[in-house]
Amino acid sequence: MNGGERLAAVLAVHGVRVLFTLCGGHISPLLVAAKARGMRVIDVRDEATAVFAADATARLTGVPGVAAVTAGPGVTNSITALKNAQLAQSPLVLIGGAAPTALQGRGALQDIDQRALVAPHVKLLRQVRRVADLGPALTEAFATAREGVPGPVFVECPVDLLYDEATIRQWYAEAGGSGTGLSDRLLRWYLGRHAERLFAGAALPAVVRAREVRLPLAGERALGRAAAALARAERPLAVVGSQALAQATNAARLAAALTRLGVPAYLSGMARGLLGREHPLHMRHARREALRASDCVLLAGVACDFRLDYGRHIRRAATLIAANRSAREARLNRAPSIAAIGDAGAFIEQLAARLGEAARRPDWTAELRARDNAREADIDARAARTGEYVNPVALFRAVDQLAADDAVFVADGGDFVATASYILRPREPLSWLDPGVFGTLGVGAGFALGAALARPSARLWLLWGDGASGFGLSEFDSFVRHGIPVIALVGNDASWAQIAREQAKLLGDEVGTVLARTAYHEVARGFGAEGFEVRYQRELEWTLRRARDAAAAGRPALVNVWLDKTDFREGSISM
Ligand SMILES: Cc1ncc(C[n+]2csc(CCOP(=O)(O)OP(=O)(O)O)c2C)c(N)n1
């Protein structure tokens, strides 16, 4: 086996079915070997897309998604997506090419210090120097990505490790030239020895086996104290976040445990949809008020960061239970009364098994439900307002009606997707993808690609701010070439609205935040996809149905929706 084949063998053992990439000479043997092993090699138009796609794969399956990028600029283009995955605690594996080992530091093509660039953004960085170490390094990478607090890992594989031994020896022999002087002979001797070292031990049969990853569980003491606190509480509340679904395969068990526990719950990030479209315990609105009223708050895989207003709405007198794989995150900004360090999903399952129905408080749940219903009625009233173009609130009410039960929503944008998050009801567990705490614009195309391949039967809706769409429109080319039937809804308000709103109010100038009513649907058509434009509310439903039908027939579609300005998001600012 050449080095590329060794890597592909390890990928296969870990159940990898798709390799996301943008090609480059440094990684060709891996792409060819992955294809030969029956994997789908999905080539995209920007390395960031490949890494975002690997991230989405990991979030939806629990198995690290894999991207391969070429040396130098291929690696540098991956950095934002890597950082996004690190902060979202998503366990992806990035394989990066590198200059030949003997030429590193000698002005070789695209030879840069990749360690310095990548190390701050990954859990593990391996720079492989011998062919025999390729398999073990990649095996270690898969385990490390999933262990403890999950996250991305990077395995750097120089090009001379990926081709077969005969080719590399010949290459080094030719590089040594045919001169007869002492320095020529010395050089040949040096390169010969170098090749010797590269392939040392490579003839031995490689053992390819995945390393088992242990599920981290909170201690018995924390479990007992948390169960007692919840049983005592009069107004218990759960906030469940992405990390509770780090295993991905536990979603159904986790939903059953939450239901059994009977504690009203807010769901955020990857936990959205966990309880389906409508569930008596699932609250969607007025979280701040609920936190203020609760006397026992269970934060399951959620940190007290800006998304939770740094924890300041949780009463000081309340019992705060922080279930988290990360001890640091469990203590961020608020010292919990009980820190349960371990998998948050497993902790909820254990709590449910121990407590049964002892924490059910029907009156409290009914109080929260009444508040939730009032907000829904307010949203209905806002959806009924008409303006010149399409009302985004009405748009998402329409999508919510139209989307299938297996729909997956990918959110990439500012106000547009924040509005969607209030209105759309994800249908089932793991059917909502957003960037996470890093708030990175541009995740959309890659996430949609990863989700489409992880869930081939699901209908994919990409909710794209017009600003955000600019990062990934060229991936319509990838959607078309690989037959990925995404429905992209571009919220065209001719603005980077989330920024414009506050900038204009606080500073009196919209500079830098104004876009045009660009014909994004024409761009999609140019790449061979279906493109639709909706300017007026009356065209909306009919066009959405046509886009849905196009996707059902296997064709990607972009719907460019002209939006009215709304005050739906007035006053919201994140820092
Ligand atoms: C990579 C990146 N660049 C810039 C930002 C800052 N930012 C946050 S929201 C936003 C506006 C998004 O505009 P758009 O996608 O059109 O959605 P809208 O707010 O108009 O609905 C910007 C620029 C960011 N979060 N990420």
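**Salt bridges in a predicted model**

User: Is Arg501 buried or exposed?

Analyst: Arg501 counts as buried, at 13% relative accessibility. Buried means under 20% relative accessible area, exposed over 50% and partly exposed in between (1.4 Å probe, protein chains only). This is a predicted model: local features need pLDDT of at least 70, side-chain atom pairs count only at pLDDT 80 or more, and totals for chains, interfaces and linings use all residues. Residues are numbered from 1 along each chain as its sequence is written, and side-chain values use heavy atoms, leaving out hydrogens and water.

User: Which residue meets Arg501 in a salt bridge?

Analyst: Asp415 does, at 2.8 Å, N to O. A salt bridge puts a side-chain nitrogen of Lys or Arg within 4 Å of a carboxyl oxygen of Asp or Glu. Asp415 sits in helix α17 (residues 415-423) and Arg501 in helix α21 (residues 497-507), 86 residues apart. Helices (H or I, at least four residues) and strands (E, at least two) are DSSP runs, numbered from the N terminus. Asp415 is also buried, at 13%.

User: How many salt bridges are there?

Analyst: The count is 36.

User: What about Glu349, which residue does it pair with?

Analyst: Arg253, with the closest N and O atoms 3.1 Å apart. The pair links distant parts of the chain: helix α14 (residues 344-355) holds Glu349, and helix α11 (residues 251-261) holds Arg253. Glu349 is partly exposed at 21%. Arg253 is partly exposed at 43%.

User: And where are Arg211 and Glu147?

Analyst: Their side chains form a salt bridge at 2.7 Å, N to O. Arg211 is in the loop between α9 (182-199) and α10 (220-232), while Glu147 is in the loop between α7 (134-146) and β6 (153-158).
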